Amino acid sequence: MPQPYRLAGLLLTDHEFSVPLDHTQPDGPQISVFAREVADPDGKERPFLVYFQGGPGFEAARPTGASGWMKRALRDYRLLLLDQRGTGRSTPVGTLPGMSTEEQVAYLRHFRADAIVRDAELIRQTLGVDTWSVLGQSFGGFCVVTYLSFAPHGLREAFITGGLPPIGRPTEEVYRATYQRVADRNRRFYARYPQHLETVRAIHARLSSEEIRLPSGDRLTSQRFRQIGQGMGMQRGLEHVFYLLDQPFGSSAFLQDIEAEFSFARNPLYAALHEACYADGVVSGWAAQREYPDSFPAEWFTGEMVYPWMFEESAALRPLAQAAEQLAHEPWPKLYDAERLRANTVPVAAAVYANDMYVEREYSEETAALIGNLRMWLTNEYEHNGLGMEGERVLDHLIELIREPI
């Protein structure tokens, strides 16, 4: 039995579970999934709230005290912070050395939301929990909707922040809509900080005429530089880009900061499966690359899209290049069951951010209307990272929504 320990006024218990790599072959190869139980010292018997992290490909938050959304959650629950398969202390997915391309593809097929949900269900049964509550942020919300689709019997209630996914839509439509949101952010950035228009033009000119190397040794190209826009959809994201550009071009600080903005050396799983997390019974086919707008000015930044050229330009991703190409043409199974979602009886509360750059508001509202027993909170008070910035208030409002009598 794992032994609890104290950290910053919290009672923590570390759990490790053995789960099948492929849940359709329960006696086949096994991997490990890690989850950290977090409780108030007086709340060791409170019901579980399982947290699904955004991503894909990132582990759960590491608690340093009862603050933010965790502070609110611990009043009513004990938390189970899940390191989704392939992340954190779970069996990690790196560049899969020693595997052939076919073996890499076969392995990576098993790291989408459907497998994550099956892990959670196996863990629930192992812990002897009848039903539990779940909270999903961003991609974690996608996982929650998959949970509602395939294992609603395991859920007591569900909370979603910035993560109501498009259901039944081709990936082309998803990226077409997302590029419109990215365009809006670029307009806002240059309207707010017009002095950086010439800065960016000068940087592109230097990158086209000089060979600038990042600390990793990768060449900094114009298309890679544009990726610093991936954080513009977060609260204070425009200011973050402003200060990235405030550093002297070519300085150590500039190059270190630029590389850190979209580096996959730590979490290559994100790049390998990013488009696949939108593939609801379809082939993704490098949709972000195919839908890149011809109308985008050279000075505009891109968002969190993943492109095939990244697997050539980034040394950290190069070992997965051929596997990523095959996965882009993979006919993925469905992630959601629309009929079961329509008939849903699990109480659900979802925050939809009106100006979300990453998850298209129109599609989120469409999904909210589809899911039975869901109460939607549409707000323009927060950006995509509302749970991280104002989590205590955001989660409190969602809990109130579920508990309000109809």
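Are Tyr193 and Phe242 buried or exposed? Both are buried (under 20% relative accessible area, with exposed over 50% and partly exposed in between; 1.4 Å probe, protein chains only).

This is a predicted model: local features need pLDDT of at least 70, side-chain atom pairs count only at pLDDT 80 or more, and totals for chains, interfaces and linings use all residues. Residues are numbered from 1 along each chain as its sequence is written, and side-chain values use heavy atoms, with hydrogens and water left out.

**Aromatic pairs**

Rings of Phe, Tyr and Trp (its six-membered ring) pair if their centres lie within 6.5 Å; planes under 30 degrees apart are stacked, over 60 edge-to-face, the rest tilted. The count comes to 26 aromatic pairs. Two of them are set out here.

| Pair | Centres | Planes | Type |
|---|---|---|---|
| Phe189 and Phe301 | 6.0 Å | 85 degrees | edge-to-face |
| Tyr193 and Phe242 | 4.8 Å | 50 degrees | tilted |

Phe189 lies in helix α5 (residues 171-192) and Phe301 in the loop between α11 (287-290) and α12 (310-313), 112 residues apart. Helices (H or I, at least four residues) are DSSP runs, numbered from the N terminus. Phe189 is buried at 0% relative accessibility. Phe301 is buried too, at 0%. Tyr193 sits in the loop between α5 and α6, and Phe242 in helix α8, so their pair ties together parts 49 residues apart in sequence. Ring pairs join Phe189, Tyr190, Tyr193, Phe225, Phe242, Tyr243 and Phe301 into a cluster.

**Helix α9**

In helix α9 (residues 252-261), the buried residues are Phe254, Leu255, Ile258, Glu259 and Glu261. On the other side of α9, Ser252 and Ala260 are exposed.

Notes
Helices (H or I, at least four residues) and strands (E, at least two) are DSSP runs, numbered from the N terminus.
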